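This report is for a reader who has not seen this structure before.

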Amino acid sequence: MFASKKLLLFALVLPVFISCDENLPESSREMVLWYDQPAGDVWLDGLLIGNGYMGGNVFGRVDNERIALNESTFWSGRPQDYNVAGAHDYYDRIKALMYEKKYKEAENLVDEHFYGNPKNQQTYVPVGDFLLDFMNGDEPFTDYCRELDMETGVVKVQYTQRGVRMTRELFMSYPDHVMVMRLSADKPGQVNVEAKLKSPFERAVGTSGNRLTVNGTWSYKAPRDFSLVHKVAGDGMSFQADVVAMPEKGTLAATDSSLVVKDANAVTFVLAIATDYVKYDDISGDPSARCEKILSGVEGKKYKELKATHLKDFSGLMSRVHLNVDGLDMNEKPTNVRMDALKKGEADPDLLAKFFQFGRYITVSSSREGSEPANLQGRWNQDLLPNWGSKYTINVNTEMNYWPAEVTNLSECTEPLFHLIEDLAENGAKTARIYYDADGWVAHHNTDIWRGTAPVDAARYGMWPMGGVWLCQHIWEHYLYTEDIDFLRKYYPIMKGAAEFVMDILEVNPNYGYLTIPFSMSPEQGYFIDGNPEEQFLAPSTTMDNALIRDLFPHCIAASSILGVDSDFSAELAKALEQIPPYMIAPNGMLQGWIEDWTRGWENHNWSGTFGLFPGNSITLRGTPELAKAVETWLEPRPVTSFWNSAIDVCQWARLENGEKAEEILRKIFITNGYPFGGFGNNLHFSGSNQSDINFGLTAGMAESLLQSHAGEISILPALMPGWKAAGSVSGLKARGNYDVSISWKDGVLVSCTIKSNLGKPFIVRYGEKTREISLAAGESVTLDANLE
């Protein structure tokens with residue numbers, strides 16, 4: 001942290017607030033998180049705001065406020081080509097060792113010669129802090145309340161001090177590209193504050209009129225050990241942050257490094273951040289000119305206008321989906337109190353519904369058109385060396401970030417992911433040629449702002465050439481939910497390129513007779529061969545690899561048919577699908593994770609072999625019941641952890657239409673005492689390594705329990721969780737085929753379901769064992785009961 005540490009004094013708060021707005025109707029509390037004390041120094045006690053481009057963490061302190069700042073393109077390093085010329089010289093040698101079943105020797109050769117330069121990628125780093133020092137702020141205060149309204153994206157802080165009711169509102173506006181904060185008092189002349197900007201990469205700070213500016217450049221001169229990050233020649237990316245102060249009455253003065261407001265009725269601060277990032281191979285932008293353009297765009301706008309613009313945009317997305325369940329009376333308790341109870345195993349259906357909305361909230365806040373995609377920590381990071389670099393880990397985590405977007409009606413928020421995929425396809429074509437001498441494009445398990453596509457870290461983590469294949473699933477899913485033919489036409493060549501790469505490296509394995517990828521792995525999952533105590537990682541085509549092929553190839557075949565192109569290539573893909581290893585069921589009844597029945601490592605934590613059930617659909621409950629049962633047998637012994645793998649379990653049990661198990665896992669996640677990586681903060685964000693993926697994954701799992709559409713049907717309440725059965729409703733979910741779905745239920749039984757067809761195509765709706773085929777004109781809706789009548 002970069003804020004100064006002052007003693008925080010506050011009085012015991014006696015009144016019980018339901019929100020900072022006591023007049024807020026009960027129906028509007030669905031998305032409100034509230035607290036009766038400031039956040040102090042605890043990172044995940046702060047309240048997160050964002051507009052995709054920027055992220056902020058608001059602590060709500062009384063004496064000195066801190067807003068920790070991030071900008072989506074501000075990373076360590078500079079443009080970097082990770083590919084190593086000559087890597088392909090070792091490809092045939094590694095492959096030969098694999099065919100001789102000398103898997104450990106092959107792994108060692110990969111570690112020595114088949115990696116990128118450097119082996120470590122760069123990290124997502126903080127810009128710094130916007131700090132406010134309040135004059136007389138260290139005096140006692142009462143009636144404190146701070147809240148985040150997830151529907152509006154507005155943080156509000158209120159308290160009474162020296163007989164004055166102070167109010168603070170903050171939001172980050174996507175349309176105006178700024179953060180806006182307004183401080184006000186219920187008595188005139190009571191706003192007295194000094195504003196500062198601090199950064200660990202600060203080069204210069206200064207003022208001009210009512211503007212405060214800090215300039216910075218990432219470099220290794222920062223006061224931390226960057227030994228885990230590859231050192232590049234010269235400085236890295238540059239940024240600028242500007243804050244403009246607009247007081248109402250009172251005075252404004254500027255020091256060399258701060259803005260001082262005295263005796264004002266209110267003051268509005270507008271903050272902009274920009275970097276020199278243009279593209280992964282270009283940092284020629286001008287941060288100063290970019291900030292000037294942003295601030296010129298809001299010049300003359302009053303607070304009410306800035307807020308109205310923000311609300312129209314943000315609420316326009318968040319208000320599409322509402323989820324209401326029993327337990328609204330729990331909103332009388334502060335959210336942190338409810339979190340403590342949830343971690344002790346107490347039921348709180350409404351708080352789980354808030355977790356559902358929180359996943360949507362951080363999607364809107366971290367991923368918007370023109371921004372970078374949500375990374376491992378979404379958009380919020382205070383560390384110079386964050387866990388796993390807060391990168392894009394594309395062997396599950398990045399994909400999980402976007403699982404809830406389509407079904408929860410936030411399709412627009414996926415655009416940054418597709419921009420990332422475009423860049424990876426461009427750079428990955430070089431990697432495919434240099435490492436594999438293959439056509440198409442490849443990405444391995446990690447990437448960063450510089451779009452590294454070569455293998456990194458170590459063979460046991462990174463020798464997995466299927467990252468690009470998995471990302472292509474999101475292209476197809478976006479098409480299925482929107483049926484946007486222009487989008488499919490634009491991105492089909494990227495899907496085709498990923499398939500071309502796989503086709504080029506598939507070979508008939510002499511040991512098994514199937515087409516296999518010569519060497520790969522089951523992401524971050526080792527195995528033991530009988531009689532050998534050493535854990536192995538490299539393997540020919542793993543079950544996950546084959547599941548991904550069963551995902552990508554049919555999608556390419558379907559897309560080519562829709563677009564009327566590449567029929568010959570589609571025929572090749574169809575033929576290859578017949579020659580890859582089939583799904584296999586081991587003697588213990590579990591789906592087999594490798595081409596042989598090897599023993600899984602890491603205490604059954606592995607999930608990757610079950611990709612075909614979720615997020616894939618080559619295994620379905622009714623279409624392939626034996627395989628679905630084998631996945632269930634796989635899931636049964638898996639321990640519940642407070643980490644992303646258990647969020648996947650929630651999704652998979654929901655796919656198996658087992659709401660009891662989905663809820664059991666969901667609730668156990670909160671009572672695992674943080675094993676193995678940490679629990680959840682009072683702001684609902686995952687605290688273990690500060691990763692956002694588990695939040696996104698939980699939202700996706702809860703959505704799966706309410707609505708599924710992956711198996712050619714719109715399935716209503718397929719896995720309704722017991723804690724939500726008493727009564728509830730959800731509106732605005734999306735089904736594949738571009739249908740809007742709203743559902744209500746009571747005592748676990750469907751009351752009504754309204755389906756709107758946006759394209760006028762026939763569909764099958766399922767509730768339990770009942771199905772019905774329905775045809776509607778475009779724009780028409782049908783409302784059904786439990787009998788589908």
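In this predicted model, Glu412 is partly exposed, with a relative accessibility of 42%. Its salt-bridge partner is Arg320, and the closest N and O atoms of the two are 2.5 Å apart.

The structure holds 40 salt bridges. Among them is the pair of Lys101 and Glu596, with 3.0 Å between the closest N and O atoms. This pair links distant parts of the chain, 495 residues apart. Lys101 sits in the loop between α1 (91-99) and α2 (103-113), and Glu596 in the loop between α14 (567-577) and β23 (599-600). Lys101 is partly exposed at 39% relative accessible area, and Glu596 is partly exposed at 25%.

Another salt bridge joins Asp649 to Arg638, where the closest N and O atoms are 2.9 Å apart. Asp649 belongs to helix α16 (residues 644-655) and Arg638 to the loop between α15 (625-635) and α16, so this pair ties together parts that are 11 residues apart in sequence. Both Asp649 and Arg638 are buried.

| Salt bridge | Distance between closest N and O atoms |
|---|---|
| Lys101 and Glu596 | 3.0 Å |
| Glu412 and Arg320 | 2.5 Å |
| Asp649 and Arg638 | 2.9 Å |

Salt bridges also occur as a network, in which Arg338, Asp348, Asp350 and Lys354 are linked.

The next topic is strand β3. How many of the residues of strand β3 (residues 54-58) are buried? The count is 5 of 5, and the strand is mostly covered. Met54, Gly56 and Val58 point one way from β3, whereas Gly55 and Asn57 point the other way; all are buried.

Strand β3 pairs with strand β2 (residues 47-50) in the antiparallel sense, over 4 bridges. In this pairing Leu47 stands opposite Val58 of β3. The two strands form a hairpin with 3 residues between them, and Gly52 in the turn has a positive phi of about 85°.

Strand β3 is also joined to strand β4 (residues 64-71) by 5 bridges, and these two strands run antiparallel. Gly55 has Asn70 in β4 as its bridge partner. β3 and β4 likewise form a hairpin, with 5 residues between them, and the turn contains Gly60, which has a positive phi of about 70°.

How many disulfides does the structure hold? The number is 0. For Cys413, the closest cysteine sulfur is that of Cys651, and at 18 Å from the sulfur of Cys413 it is too far for a bond. Cys413 is buried, with a relative accessible area of 0%. For Cys556, the closest cysteine sulfur is in Cys472, and the separation of 7.0 Å is again too far for a bond. A disulfide needs two cysteine sulfur atoms within 2.5 Å. Cys556 counts as buried, at 1% relative accessibility.

Key: Residues are numbered from 1 along each chain as its sequence is written. This is a predicted model: local features need pLDDT of at least 70, side-chain atom pairs count only at pLDDT 80 or more; totals for chains, interfaces and linings use all residues. Side-chain values use heavy atoms; hydrogens and water are left out. A salt bridge is a side-chain nitrogen of Lys or Arg within 4 Å of a carboxyl oxygen of Asp or Glu. Buried means under 20% relative accessible area, exposed over 50%, partly exposed in between (1.4 Å probe, protein chains only). Two strands pair if DSSP finds at least two bridges between them.
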